[in-house]
Amino acid sequence: VTGHRGKSFLAPGTTELFALPVESGIVEQSRIPTSFLELLPVMQHDVPVWQYLEQTSFTNNAAIVAPGDEKPESGMVIAKRDGKLSVIAHVTAPVDKYMLEDYDPLASFVSGQMLYGLSRKLEAYVLNGAVTDGITGIMNRAGVQLQAFHADKVTPLRLAMTQLEVLGYEVGAILLNPLDWAAIETARAASGSFDLGGPIDRAQRKVWGVQVATSTGVPAG
């Protein structure tokens, strides 16, 4: 039905076609992350060295204050940090040029393997750091919390999330060894059926509503 001079009508036996605008951008469907690096917020730097500010502690002393009384002071420590870019690189062992010329896909395969190696090494650095290169790594940061195993492989994840929530943080992601995630996915209920209901979303690879990424960079268990 089209509007003409304030009236809406369509004559009997007629059909009107409308050209719908096509979305100009590319809209991708959400994908399950193949690496936990995809879940980390990143910032691109135009210079190889920079400085940033980091809050190292906060003590909340907020309280009810009568008019005219001195307000309590909350403790906050802000430290200046230095950052720098590091180059992760490697080269292949020699590959026969005739093999590359005779089989075109070989070059793409070699390139893919090299990029995969860079990604895995970067993942290891982000997790565990590199002391000689001044990279701390997530697992070596101050404030890392520990959660003991309890009941099954799903319950400790919820308890760990609670630890962060008590400290006032939102849980961004869960990183598991592939063996642990496989154990969670294949856990069976008392009836013998696969227990994929409740906290597990197999299609989105989520547990307790939080995105899960797998990596061999973290030990099983």
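Colleague: What share of the 221 residues in the protein chain is buried?

Modeller: Buried residues make up 16% of the chain. Buried means under 20% relative accessible area, exposed means over 50%, and partly exposed lies in between (1.4 Å probe, protein chains only). This is a predicted model: local features need pLDDT of at least 70, side-chain atom pairs count only at pLDDT 80 or more, and totals for chains, interfaces and linings use all residues. Residues are numbered from 1 along each chain as its sequence is written, and side-chain values use heavy atoms, with hydrogens and water left out.

Colleague: Why is glutamate 54 called buried?

Modeller: Its relative accessible area is 18%. The limit is under 20%, so glutamate 54 counts as buried.

Colleague: Where is glutamate 54 placed?

Modeller: Glutamate 54 is in strand β3, residues 49-59. Strands are DSSP runs of E with at least two residues; helices are runs of H or I with at least four; both are numbered from the N terminus. The chain holds 4 helices and 8 strands.

Colleague: Which residues is glutamate 54 in contact with, leaving aside its neighbours within four places in sequence?

Modeller: They are Val77, Ile78, Ala79, Arg81 and Arg141. Contact means heavy atoms within 4.5 Å.

Colleague: What makes arginine 120 and glutamate 123 a salt bridge?

Modeller: Their side chains meet at 3.2 Å, N to O. A salt bridge needs a side-chain nitrogen of Lys or Arg within 4 Å of a carboxyl oxygen of Asp or Glu. The value is within the limit, so the pair qualifies. Both residues lie in helix α2 (residues 105-128), 3 residues apart, about one turn of the helix.

Colleague: Arginine 120 or glutamate 123: which one is buried, and which is partly exposed?

Modeller: Glutamate 123 has 4% relative accessibility, so it is buried. Arginine 120 has 25%, so it is partly exposed.

Colleague: What makes lysine 153 and aspartate 180 a salt bridge?

Modeller: Their side chains meet at 3.0 Å, N to O. Lysine 153 lies in the loop between α2 and α3 (155-166), and aspartate 180 in helix α4 (residues 178-185), so the pair ties together parts that are 27 residues apart in sequence. Lysine 153, at 32%, is partly exposed. Aspartate 180, at 10%, is buried.

Colleague: How do you know that glutamate 165 and arginine 158 form a salt bridge?

Modeller: The N to O distance is 3.8 Å, and the limit is 4 Å. Glutamate 165 has 40% relative accessibility and counts as partly exposed. Arginine 158 has 30% and is partly exposed too. Elsewhere, salt bridges that share partners join Glu54, Arg81 and Arg141 into one network. The whole structure has 5 salt bridges.

Colleague: What is the order of the open sheet of 4 strands?

Modeller: The order is β5-β8-β7-β6, with mixed pairing. Its edge strands are β5 (174-176) and β6 (200-201), since each pairs on one side only.

Colleague: How do you know that β5 pairs with strand β8?

Modeller: Two strands pair if DSSP finds at least two bridges between them. Here 3 bridges join β5 to β8 (residues 210-214), so they pair. The two run parallel. In β8, alanine 213 is the bridge partner of leucine 175.

Colleague: Which residues are in the largest nonpolar core?

Modeller: The core has 12 residues, including Val154, Leu157, Met161, Trp181 and Val210. The elements that give two or more residues to this core are α3, β5, α4 and β8. A nonpolar core is a set of buried Ala, Val, Leu, Ile, Met, Phe, Trp, Tyr and Cys residues joined through side-chain atoms within 4.5 Å.

Colleague: Why is arginine 205 counted as buried?

Modeller: Its relative accessibility is 19%, and buried means under 20%. Arginine 205 sits in the loop between β6 and β7 (206-207). It has a positive phi of about 50° although it is not a glycine.

Colleague: Why is tryptophan 208 called partly exposed?

Modeller: Its relative accessible area is 34%, which lies between 20% and 50%. Tryptophan 208 is in the loop between β7 and β8. Its phi is near 55°, a positive value in a residue other than glycine.
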